[in-house]
Protein chains: 2
Amino acid sequence: MKEVTVGIDIGGTNTKYGVVDREGYVHHQGNIPTTQFESFQDYFDAMADALRECIQLLPSGIKIVGIGVGAANGNYYTGNIERATNLRWKGVLPLAKMFREEFGVPCVLTNDANAAAVGEMIYGNAKKMKDFVVITLGTGLGSGFVCSGVLLNGHHGIAGEVGHTSVNPNGRYCNCGKRGCLETYVSATGIKRTVYKLLADHLEPSELRGISFDNLNTKMITEAAHRGDVVAREAFEYTGRILGMKLAETVVHSDPEAIFLFGGLSMAGDLIFKPTQRHMEENLMPLFRGKIKILPSALTNQAAPILGASSLVWDYLDKREKSAIAY
Amino acid sequence: MKEVTVGIDIGGTNTKYGVVDREGYVHHQGNIPTTQFESFQDYFDAMADALRECIQLLPSGIKIVGIGVGAANGNYYTGNIERATNLRWKGVLPLAKMFREEFGVPCVLTNDANAAAVGEMIYGNAKKMKDFVVITLGTGLGSGFVCSGVLLNGHHGIAGEVGHTSVNPNGRYCNCGKRGCLETYVSATGIKRTVYKLLADHLEPSELRGISFDNLNTKMITEAAHRGDVVAREAFEYTGRILGMKLAETVVHSDPEAIFLFGGLSMAGDLIFKPTQRHMEENLMPLFRGKIKILPSALTNQAAPILGASSLVWDYLDKREKSAIAY
């Protein structure tokens with residue numbers, strides 16, 4: 001009997017799901033719009049229907065051994081999504097318990113950045129690593145820490161919120177209610193804000209002057225930078241400088257072997273990796289210099305969030321005897 | 001047969017050692033001057049003699065089961081003291097291996113702040129905690145992280161250097177070679193520097209104006225503050241503000257249940273705890289507010305560093321099957 005797991009990534013707009021084997025091959029995948037459902041129960045019922053359909057399509061001899069869920073504000077200990085600002089359903093959503101009861105297999109839930117970190121360990125470039133960090137660069141900046149081979153959850157199940165360390169206490173407004181958080185500078189949204197700041201401050205011509213804030217995206221900024229656009233290049237330099245400075249602080253906390261950059265902004269390659277590496281080294285306590293690698297995530301395709309979520313189950317099964325948590 | 005461990009704390013000036021039981025009772029203790037020995041071998045021989053003498057004084061029925069060592073730049077993985085700037089012997093000192101060979105019992109070595117963290121877990125206020133941080137406020141600022149009940153060592157064995165996160169990249173010169181590190185503001189030396197800065201900037205009369213930098217110490221600043229000295233009080237407020245701001249960043253990394261303050265500066269009580277707590281809360285990502293305790297260490301007497309070092313052995317013995325490292 002071949003074992004597979006289900007991975008579910010719940011984003012504010014779309015929920016992606018798929019059936020994945022131990023080697024990271026995605027057998028089936030699909031998605032449903034997260035925003036479409038008035039009540040959380042309706043959303044859950046639609047997800048359960050979609051999964052049942054997925055399972056029926058599997059050839060015989062394949063068995064689902066668990067469900068992994070990655071979601072913003074997902075809490076590993078409780079299996080709940082707690083007060084997520086990106087979802088329309090308020091309060092505490094006991095999703096892991098509901099999946100467990102519906103499908104009769106273990107369900108492991110955590111936030112999306114933690115899922116990305118476990119995904120890197122199970123399927124990706126961190127297979128042989130015990131201590132590393134994954135930084136997810138999407139709409140915001142998430143982070144997941146693996147220490148001694150174990151996902152760092154913390155006492156309340158909310159460790160790894162590096163996106164909300166401070167760059168400037170009087171800086172840009174953040175969704176969390178504070179000002180100057182790292183993710184307001186370093187994320188898909190952050191680099192857009194930086195482009196607009198640069199366009200405001202400087203006189204240089206730039207192809208980005210013709211694009212509205214709402215229409216601007218990381219891909220456009222990346223392509224403009226590749227064509228030599230001065231503002232776009234400076235935006236990447238600035239973004240990498242701030243990321244590098246703050247990663248130097250993350251390094252002295254947890255002493256990782258490597259830091260992986262994951263998600264949209266990381267696809268810009270050298271444009272973001274080079275300034276990040278340089279400024280991290282410059283700002284590092286000398287004891288750590290030359291020791292820490294900044295690497296691209298191996299999970300780069302559309303299925304990456306599904307892989308991350310599905311990996312939570314393999315990790316749980318591997319560590320079951322050591323009190324890993326599932327519902 | 002009652003089991004005891006030996007704890008050795010190697011400071012730049014003095015080496016303290018003692019024989020400690022599982023409950024934290026110190027049976028014998030002593031110290032030798034670290035600075036007195038030209039060669040590292042001479043120092044080791046003197047330590048070995050002192051320990052043998054200590055062991056001979058133990059009543060029958062008591063057995064030494066291991067040796068724990070806390071030392072700046074001590075590396076848990078290698079058992080070496082590596083390039084310590086506070087010792088006269090250069091290079092790599094394989095101390096754990098030497099003790100193991102001399103006494104035939106396991107020897108566990110790590111840096112002094114990590115030893116303090118394990119001490120808090122074994123003997124102190126963190127007995128029931130799985131996720132916490134200890135901040136040691138001595139000549140510098142050290143930190144030790146316990147995550148899921150396990151000391152965080154990192155990939156290179158040097159995790160927890162929070163004293164070298166950045167307060168101001170153009171700030172005070174630090175022994176590490178950088179500028180503006182946290183420990184240049186928050187430590188016994190840091191608050192002295194702050195007092196001198198305040199005396200330079202302001203006109204207020206202060207009893208501290210009569211004391212030279214070399215003679216000034218934390219106790220004098222604390223006593224002056226208790227007597228209402230404006231400069232001394234402002235120095236504590238400023239120190240607590242910076243510590244609180246930076247602890248807010250440490251919290252979002254590791255999500256601890258509590259942060260313990262250990263060592264000289266923490267003895268000032270409310271003078272340091274109140275501004276630290278207030279500024280940490282103000283600077284915290286809202287998700288974490290009201291959740292994290294700042295507490296005094298239970299290890300406050302002269303034997304605290306010996307307790308921390310000796311606790312490393314109990315922790316090692318408790319976790320032996322889980323690949324803890326000893327020589």
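Tutor: Residues are numbered from 1 along each chain as its sequence is written, while chains are lettered from A and ligands numbered from 1 in the order in which they are written. The model is predicted, so local features need pLDDT of at least 70 and side-chain atom pairs count only at pLDDT 80 or more, whereas totals for chains, interfaces and linings use all residues.

Student: Let's start with helices α5(A) and α6(A). Why are they called roughly perpendicular to each other?

Tutor: The axes of α5 (residues 218-226) and α6 (residues 230-254) of chain A cross at roughly 115 degrees and come within 7 Å. Axes are lines fitted to C-alpha atoms, for helices over the stretch in contact, and angles run from 0 to 180 degrees between N-to-C directions. Angles under 35 degrees count as roughly parallel, over 145 as roughly antiparallel, 65 to 115 as roughly perpendicular and the rest as oblique. α5(A) and α6(A) are therefore roughly perpendicular.

Student: What is the handedness of that crossing?

Tutor: The crossing of α5(A) and α6(A) is left-handed, a term for a near helix turned anticlockwise from the far one by less than a right angle; clockwise would be right-handed.

Student: Which residues make the contact?

Tutor: α5(A) supplies Ile221(A), Ala224(A) and Ala225(A), and α6(A) supplies Ala232(A), Arg233(A), Ala235(A) and Phe236(A). Two residues are in contact if their C-beta atoms, placed from the backbone, lie within 7 Å. By class there are 6 nonpolar, no polar and 1 charged residues; Ala, Val, Leu, Ile, Met, Phe, Trp, Tyr, Cys and Pro count as nonpolar, Asp, Glu, Lys and Arg as charged, and the others, Gly among them, as polar.

Student: And in chain B, what makes α5(B) and α6(B) roughly perpendicular?

Tutor: Their axes lie 7 Å apart and the packing angle is about 115 degrees, so α5(B) and α6(B) are roughly perpendicular. Their crossing is left-handed.

Student: How do you know that helix α3(A) is largely enclosed by the rest of the structure?

Tutor: A residue is buried if 20 or more other C-beta atoms lie within 10 Å of its own, exposed if 12 or fewer, and partly exposed in between, with C-beta atoms placed from the backbone. In α3 of chain A (residues 112-122), 11 of the 11 residues are buried, so the helix is largely enclosed. Among them are Asp112(A), Asn114(A) and Glu120(A). Helix α3 of chain B is mostly covered too, with 11 of its 11 residues buried.

Student: Why is Ile135(B) called buried?

Tutor: Ile135(B) has 31 C-beta neighbours inside 10 Å, so it counts as buried. It sits in strand β8 (residues 132-137) of chain B. Beyond its neighbours within four places in sequence, its contacts include Leu141(B), Ile259(B) and Phe262(B).

Student: What makes Asn31(B) partly exposed?

Tutor: Its count is 17 other C-beta atoms within 10 Å, so Asn31(B) is partly exposed. This residue belongs to strand β3 (residues 26-33) of chain B. Leaving aside neighbours within four places in sequence, Asn31(B) contacts Asn14(B), Thr15(B), Lys16(B) and Tyr17(B).

Student: Is Arg83(A) buried or exposed, and how do you know?

Tutor: Arg83(A) has 12 other C-beta atoms within 10 Å, so it is exposed. It lies in the loop between β5 (81-82) and β6 (92-93) of chain A, and its phi is near 50 degrees, a positive value in a residue other than glycine. Most residues other than glycine have a negative phi.

Student: Why is Ser148(A) called partly exposed?

Tutor: With 17 C-beta neighbours inside 10 Å, Ser148(A) counts as partly exposed. Its loop runs between β9 (141-147) and β10 (150-151) of chain A, and phi of Ser148(A) is near 50 degrees.

Student: How is chain A divided into domains?

Tutor: Chain A has domain 1 (2-119 + 302-322) and domain 2 (129-296), with bounds from an automatic or database domain assignment. Their C-alpha centres lie 27 Å apart, and 12 residues of domain 1 of chain A are in contact with 14 residues of domain 2 of chain A.

Definitions and conventions:
Helices (H or I, at least four residues) and strands (E, at least two) are DSSP runs, numbered from the N terminus.
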